[in-house]
Every structure is written in structure tokens, then in C-alpha cells.
Amino acid sequence: MKTLAAEGLSAEAIDAAFEDIRQHDLDWSSGRCFAYVFSAGKDVGAVAQRAYTAFLTENALDPTSFPSLVRMENEVVAVAAELMHGDGAVGNFTSGGTESILLAVKTARDHIRATKGVERPNIVVADSVHPAFHKAAHYFGLDVVSLPVRKDFRADHEAMAAAITDETALVVGSAPSYAQGVIDPIRELASAASARGVLMHVDACVGGFFLPFLEQAGESVPDFDFRVPGVTSISLDLHKHGYCPKGASVILYADADLRRHQLFSHTKWAGYGLTNATVQSSRGGGSVAAAWAVLRHIGAERYKSLQTQVRACVKDLCKSIAAIDGLDVLGEPDASVMAFGSTSIDVYALVDAMRSRDWYIQPQFGHGGVPKSIHLTVTPVNVPHQAEFLSDLTACVAELRANTTSGTQSDPMATLAAAFAAGQISIPDAIAAIGTDPTRAQESAAMNRVLDRLPSEQVEAILREYFHQMYVGR
Ligand SMILES: Cc1ncc(COP(=O)(O)O)c(C=O)c1O
């Protein structure tokens with residue numbers, strides 16, 4: 001055995017090793033990171049940790065052996081159903097938005113097979129939908145009909161209605177979309193779906209634990225939940241604006257019968273009668289216990305206060321960023337996530353410039369007429385840093401504008417992109433030339449400029465190969 005030490009390490013030695021291992025990680029607790037991490041403060045983190053470790057070892061594989069986990073799951077799902085106005089709704093706790101979406105699509109596939117005998121169904125989505133829907137279709141053998149968004153970045157409900165066929169298992173709307181943060185016309189989409197007897201899923205992974213509290217605080221929120229006739233399922237993530245630790249989401253169905261298509265059972269072996277409500281089989285109790293505890297610790301009033309602070313910050317950021325010469329906010333973001341672009345400076349260079357000042361903002365590729373942009377997910381830890389963020393953003397934009405000749409940033413990667421697109425260099429060569437190194441992520445502009453130039457299929461191939469090479473098991 002070469003890689004596993006003969007003698008075990010002490011807890012102190014392991015803590016010291018972690019210090020070293022995590023030295024290149026984003027410092028999410030600084031409030032300077034606008035993606036990936038949702039934090040409501042230290043007290044919430046401490047409650048989550050205690051609850052997580054209290055149920056670290058229990059296994060939800062067999063709910064009859066650990067009724068504590070069923071009870072907590074049902075109580076967490078009940079909170080989600082109440083927030084979504086799902087009188088009679090049922091659902092499950094899952095590991096995240098992607099698992100909730102996988103289940104919604106698998107359920108829709110099995111529903112259309114059972115009710116209409118359609119063996120190869122499709123789902124109708126907008127281009128702005130989260131990639132988890134494409135992943136679900138890829139895993140479960142469905143086709144995706146994806147339609148361009150309107151000029152305001154919302155789903156084009158008329159085009160989507162016209163795309164519904166007898167093979168359509170599911171129509172999808174987002175509340176809000178991740179990339180531009182806008183809520184799709186859910187009422188119109190649901191009405192078009194139900195008119196054709198088709199299921200309708202609302203991806204409220206971002207908005208599900210956010211928008212209801214804005215509404216309770218008196219803000220006007222577009223209709224998106226089970227109050228909209230025709231909405232048959234909703235995904236909402238506890239590990240986003242529920243501020244629970246990662247590995248926590250809920251999938252809900254308006255009609256309890258529909259959820260029957262989600263379950264899996266197998267007894268054709270000489271083993272235990274395996275039955276799973278969700279994708280995972282063995283599942284630790286930590287994430288459900290932590291979610292149960294965080295929901296109770298924060299409570300409705302503090303959620304209202306946290307979400308209204310975040311919303312106010314997003315509104316201010318939209319106004320202030322639009323006022324910076326050279327930057328444009330994309331659309332009118334409805335919740336906690338937003339994007340901005342530029343026609344005069346390279347947004348990828350701006351991402352790196354901000355990174356050198358210790359801010360993490362997320363680069364987004366352009367697609368289908370939607371320009372490349374920078375994404376911000378705003379959470380309570382970011383709110384106190386708003387003024388400093390805007391001041392650094394303004395300074396970085398000014399620096400880049402001063403360095404920019406003839407309106408656009410000079411581009412050393414253009415030749416590489418052209419050579420790759422023409423098939424003159426291979427994927428591994430392209431990766432080597434781009435020089436991607438996870439510990440040098442602050443220099444991402446060159447890579448993003450290349451990727452942004454290439455057709456999606458080539459970018460996907462490069463990214464898959466890059467990940468293939470990153471996880472080498474050594
Ligand atoms: C709108 C939306 N749906 C689904 C997901 C997928 O969630 P997860 O990353 O928890 O799997 C995300 C993640 O950002 C999202 O923003």
C-alpha cells in the first residue's frame with residue numbers, strides 16, 4: 001500500500017493537513033465571493049454543524065430503522081410545501097437541485113409512459129434553463145426541445161406552447177433562472193401545458209426559499225408556485241436561500257399520485273427489499289438533520305429579514321452597476337441573482353482584475369444571442385460589502401478602459417481558438433496551451449476567451465476532457 005499511511009494520523013495532524021490542502025480555496029466567509037456558497041452567518045453555521053454531526057452516522061436507506069430521519073424529512077418537506085402553497089402536495093428531501101430535477105424528469109417520463117404509452121418523450125424548456133434538465137434527459141433517454149429566450153431573457157411562452165407535442169412529458173419554467181435571475185412567465189407556461197394535458201415543472205431551486213419571504217414582507221412577486229393552475233411539480237433548494245449545508249433540496253408534487261412514478265423498488269435478488277424514494281440509496285442523516293435544525297433556528301421572521309436585505313442589495317447593485325460607464329445589467333433580475341455585461345471592455349478580464357482584489361465574480365459564456373456576462377449570486381454575507389465591491393468594480397472598469405485600445409481588449413488567444421475550431425490542434429493540446437491549473441484560477445480570462453469563441457459542442461468536449469484530466473486519482 002503506497003498511498004495509505006501505515007499508521008493513522010492524530011486529529012491535530014489532520015487539522016493541520018486541511019490548512020495546507022485548502023490554501024487555494026475561495027474564502028467564502030469573507031463576503032467577497034458572489035457564487036457557490038450561501039451563508040446566513042456564523043450562528044447558523046454552528047447550529048448546522050451540531051445537527052449534522054448528531055446524525056452523521058444514521059442511514060436513511062431503511063426508514064423503518066431510523067424513523068427520526070423520516071420524521072425530519074417529512075417536517076422539512078411540509079415547510080417547503082407550505083411555502084409553495086401546496087395544499088396536499090407531497091415530496092422528498094434530496095441531495096440538491098440536480099437530484100430534485102432528475103427526479104422530476106424521471107417522474108414525468110414514467111408518467112407519460114404509463115398514461116399515454118410514449119416510449120421516447122421530450123421536455124420543452126427555454127435556453128435559460130439549468131443544465132440539470134439536459135443532464136436528466138441525457139441520463140433518462142428523453143429529447144430536449146430548447147427554445148431561445150425573449151429579449152428580456154425570460155422564456156418565450158408562445159414559442160414553447162407551440163413546441164408542445166403529443167410526446168411532450170414536461171414543460172419547464174424557472175423562478176428565477178440562474179444565469180440572468182429573471183422569473184419566466186409561469187402562469188402562461190402552465191396554462192399552455194395543462195391545455196395539452198402535459199405536466200409543468202417550476203425550477204424554484206434559487207427562488208423557492210427566497211421569493212415567499214419577499215412576498216410575506218409585502219413585495220410584489222410574480223406568480224410561480226402551486227397557486228398557479230397547471231403547475232404539477234416544484235424543486236426548491238434548502239442549500240441555497242434556505243442557508244442549510246450542501247446536500248439539501250426538496251422535490252414537491254401537487255398531486256400525491258404523481259410521486260408514485262418517482263419511486264424504485266427491486267426484490268429480484270436474495271437480499272433486502274430495496275426501495276428508494278429518491279436517487280440515493282444509503283444516505284447519511286446529517287444533511288436532513290442540519291436542514292431541519294437550520295429551518296427551525298432561523299425561523300420565518302429572520303428569513304424575511306435576510307431575504308429582504310439581499311433583495312435590497314440586488315436592487316442597489318443593479319442601479320449602481322448600470323451607472324458604471326461601460327457596464328450593462330442584463331434584464332431586470334427578480335430575486336437574488338443577476339448578471340451584467342459590457343460592450344466596451346472584456347468581462348473576462350474584469351473577472352480577473354476583481355480576483356486580484358480578492359473578489360470572486362463568475363464569468364458566463366454568451367449563447368444564442370445572449371451576450372457573455374458576469375454573474376452575481378447575492379447572499380447575506382455579501383450585503384455588508386456592497387459599497388467596497390462597487391468601488392473596486394468601478395476602479396477595475398476604469399483601469400481596463402484605460403488599457404483598452406480600439407474598444408476591445410487585445411486577444412492573444414484568438415489564434416488558438418481559430419486553430420482549434422479548424423481542427424488543427426487536439427483537445428489535449430488545446431488544454432495544454434490554455435494552461436488551465438485549478439490553483440491559478442485567478443488567471444481565467446485567456447481560457448474563457450478561447451472557450452467563448454468555440455461552438456458549444458467543442459467547449460463541452462474540452463471541459464469534459466479537462467475534468468477527465470483533473471480527477472486522476474493521484
Ligand atoms: C435555477 C437552478 N436550478 C438548479 C440548480 C442545480 O442545483 P444544484 O447545484 O444544487 O444541483 C441550480 C444551481 O445553481 C440553479 O441555479
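## Close-up views of a predicted model

View 1. Cys396 is buried, as its relative accessible area is 0%. This residue belongs to a model that is predicted. The closest cysteine sulfur to that of Cys396 is in Cys33, at 16 Å, which is too far for a bond.

View 2. A disulfide is a covalent bond between the sulfur atoms of two cysteines. Pairs count as disulfides when the sulfur atoms are within 2.5 Å, and a search of the whole structure finds zero of them.

View 3. The protein contains 16 helices and 13 strands. Its radius of gyration is 23 Å, close to the 23 Å given by the globule rule for 474 residues, so the protein is as compact as a globular protein of that length. Along the principal axes, the C-alpha atoms fill a box of roughly 65 × 65 × 50 Å. Buried residues make up 48% of the 474. Among contacts with a separation of 6 or more, 73% are between residues 24 or more positions apart. The division is into domain 1 (51–293), domain 2 (301–403) and domain 3 (414–470). Between the C-alpha centres of domain 1 and domain 3 there are 33 Å.

**View 4. The sheet of seven strands.** This open sheet has mixed pairing and runs in the order β1-β7-β6-β5-β4-β2-β3. Its edges are β1 (90–94) and β3 (143–147); each has a single partner strand, so one side of each is left without a neighbour in the sheet. From one strand to the next, the twist averages 20°. Five bridges pair β1 with strand β7 (residues 249–253) in the antiparallel sense. One of the residues to look for is Phe93, whose bridge partner in β7 is Val250. Helix α5 (residues 132–140) packs on the sheet and touches β2 (122–126), β3, β4 (168–174) and β5 (199–203). The direction of α5 makes about 155° with that of β3.

**View 5. The sheet of four strands.** The order here is β10-β11-β13-β12, in an open sheet with antiparallel pairing. At the edges stand β10 (328–329) and β12 (362–364), each with a single partner strand, so one side of each has no neighbour in the sheet. Strand β11 (residues 337–341) and strand β13 (residues 373–377) run antiparallel and are joined by four bridges. Opposite Met338 stands Leu376 in β13. Helix α10 (residues 286–322) packs on this sheet, where it touches β10, β11 and β13. The direction of α10 makes about 5° with that of β11.

**View 6. Ala339 and its contacts.** Ala339 lies in strand β11. This residue counts as buried, at 0% relative accessibility. Leaving aside residues up to four places away in sequence, Ala339 touches Ala179, Gln180, Asp328, Val329, Leu330, Gln364, Ser373, Ile374 and His375. Tyr178 is 161 residues from Ala339 in sequence, yet the two are 9.3 Å apart in space, C-alpha to C-alpha.

Notes. Residues are numbered from 1 along each chain as its sequence is written. This is a predicted model: local features need pLDDT of at least 70, side-chain atom pairs count only at pLDDT 80 or more; totals for chains, interfaces and linings use all residues. Side-chain values use heavy atoms; hydrogens and water are left out. Two strands pair if DSSP finds at least two bridges between them. Helices (H or I, at least four residues) and strands (E, at least two) are DSSP runs, numbered from the N terminus. Contact means heavy atoms within 4.5 Å. Axes are lines fitted to C-alpha atoms, for helices over the stretch in contact, and angles run from 0 to 180 degrees between N-to-C directions. Domain bounds come from an automatic or database domain assignment. Buried means under 20% relative accessible area, exposed over 50%, partly exposed in between (1.4 Å probe, protein chains only). The radius of gyration is taken over C-alpha atoms; the globule rule is 2.2 Å times the number of residues to the power 0.38.
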